[in-house]
Amino acid sequence: MSAFAAMTRAQGKGFLRDKQMLFWTIAFPLMFLVVFAGIFGGDTGQSKSKLVQVGPVALFDQMPPEGRAALDSVFEISRTDDRIEALAKVRKGDAAGAVEMAGTTVQLHYSQADQVRAAVVQGTLESFVQQANLAVSNAPTTFTMQADRVEDQSLKAIQFYVPGLLAWAVSMSGVFGAALALVTWRKSGLLRRLRLSPASTGTIVGSRTLITLAVAVVQAAIFLAVGVLAFGLKLSGSWYLALPILLAGALAFMSIGLLTGAVSKTPEGASGLANLIIMPMAFLSGTFIPLDVAPEWMRTLSLFLPMGHLTTGMSAVMVRGQGIDAIWVPTLVLLGFAVVVGAISARVFRWESS
């Protein structure tokens with residue numbers, strides 16, 4: 001028993017002293033608990049889904065006060081008589097759906113680009129339709145609901161997944177590639193030798209930049225080729241406009257990688273810190289999960305995260321059929337992010353391990 005107790009104490013102390021183990025077993029899962037609890041943990045501060053009402057809709061207009069109050073608690077409804085304008089808002093992602101009515105049929109137009117949001121809106125609106133029918137006692141069903149997506153019906157689901165997954169892949173390669181290379185070079189002494197060589201700092205950073213951009217292009221080519229050849233992905237419209245914002249995103253995430261590598265002392269530490277940055281960002285940016293039901297603070301935070309701008313810009317031209325006007329703001333934001341974080345990285349950069 002004494003040997004068992006001694007061994008248990010030794011392993012317990014080893015566990016508590018292993019910072020990597022503490023991170024992956026406690027801090028990392030706890031981080032995701034905070035993220036998911038913030039998104040789905042309650043109603044406080046959650047946003048309303050935006051609906052555009054096209055013309056008169058009896059389901060909405062004839063609701064009793066208590067029913068209308070419940071409707072307004074979950075939907076932010078604006079009105080228009082322009083059906084084309086309403087569908088354009090849904091297609092661009094400015095509204096979760098457009099609702100019009102013909103006879104007793106409630107028609108919901110939604111975007112397949114945000115499948116989770118579309119499902120939530122359909123389910124919620126369907127519940128109001130059923131409640132309206134139940135309110136009419138001893139009468140046959142009054143209202144029915146029909147849902148149609150605003151995009152081409154021939155488009156497959158892969159069309160809507162590619163932008164987010166490609167943004168995540170580019171962010172991973174940009175951060176991990178720069179961070180691990182920098183830490184490994186410093187630990188092996190290669191950075192010190194490069195400092196004494198004729199190669200300038202600009203040459204070193206420039207070569208890393210070229211590699212990062214080349215890898216991003218290769219990733220995009222592989223993603224699109226596999227999508228087209230294996231899964232029926234359709235490239236139409238201005239999909240090629242995704243390239244400028246893709247390259248800007250690669251630069252932004254390379255700057256994060258340089259900062260991560262500058263402050264990390266070991267490859268293991270750099271890997272942990274990179275995961276700590278990238279994985280929560282993927283959820284907080286709406287890359288994997290739409291943030292329509294997230295608290296206000298989380299949606300505000302997402303505006304400052306580069307992955308959200310990268311996903312939004314690529315989705316606009318690859319899925320929503322928009323043109324260059326949809327990408328210049330996200331592209332400028334990503335380039336600005338790259339400049340600012342790159343400047344910070346240069347200030348904290350170390351040639352040798354301390």
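**Close-up views of a predicted model**

The structure holds 4 salt bridges. The model shown in these views is predicted.

**View 1. A salt bridge links Asp-61 and Arg-79.** The closest N and O atoms of Asp-61 and Arg-79 are 3.5 Å apart. Asp-61 sits in helix α3 (residues 58-61), and Arg-79 sits in strand β2. The pair therefore ties together parts that are 18 residues apart in sequence. Side chains of opposite charge can pair when their charged atoms come close.

**View 2. An open sheet is built from 5 strands.** The strand order is β2-β1-β3-β4-β5, with mixed pairing. β2 (75-80) and β5 (144-149) are the edge strands, and each pairs on one side only. From one strand to the next, the twist averages 25 degrees.

**View 3. Strands β1 and β2 run parallel.** Look for Leu-51: its bridge partner in β2 is Ile-77. Helix α4 (residues 65-74) packs on the sheet and touches β1 and β2. The direction of α4 makes about 100 degrees with that of β2.

**View 4. Helices α10 and α14 pack with their axes 8 Å apart.** α10 spans residues 242-263, and α14 spans residues 328-348. The angle of packing is about 20 degrees. That angle makes α10 roughly parallel to α14. Their crossing is left-handed. Residues of α10 in the contact include Pro-244, Ala-248, Leu-251, Ser-255 and Leu-259. From α14, Pro-330, Leu-334, Phe-337, Val-341 and Ser-345 are among them. By class, the contact has 18 nonpolar, 5 polar and no charged residues.

**View 5. Helix α10 also packs with helix α11.** α11 spans residues 267-284. The α10 and α11 axes are 9 Å apart, at an angle of about 145 degrees. α10 passes α11 in a right-handed crossing. On the α10 side, the contact is made by Phe-253, Ile-256, Thr-260 and Val-263. On the α11 side, Ala-270, Leu-273, Ala-274, Ile-277, Ile-278 and Met-281 take part. This contact has 9 nonpolar residues, 1 polar residue and no charged residues.

Notes
Residues numbered from 1 in each chain as written. Predicted model: local features only at pLDDT ≥ 70, side-chain atom pairs only at ≥ 80, totals over all residues. Heavy atoms only, no water. Pairing = 2+ DSSP bridges. Helix = DSSP H or I, 4+ residues; strand = E, 2+ residues; numbered from the N terminus. Axes fitted to C-alpha atoms, helices over the stretch in contact; angles between N-to-C directions. Contact = heavy atoms within 4.5 Å. Parallel < 35°, antiparallel > 145°, perpendicular 65-115°, else oblique. Left-handed = near helix turned anticlockwise from the far one by under 90°. Nonpolar A, V, L, I, M, F, W, Y, C, P; charged D, E, K, R; others polar. Salt bridge = Lys/Arg side-chain N within 4 Å of Asp/Glu carboxyl O.
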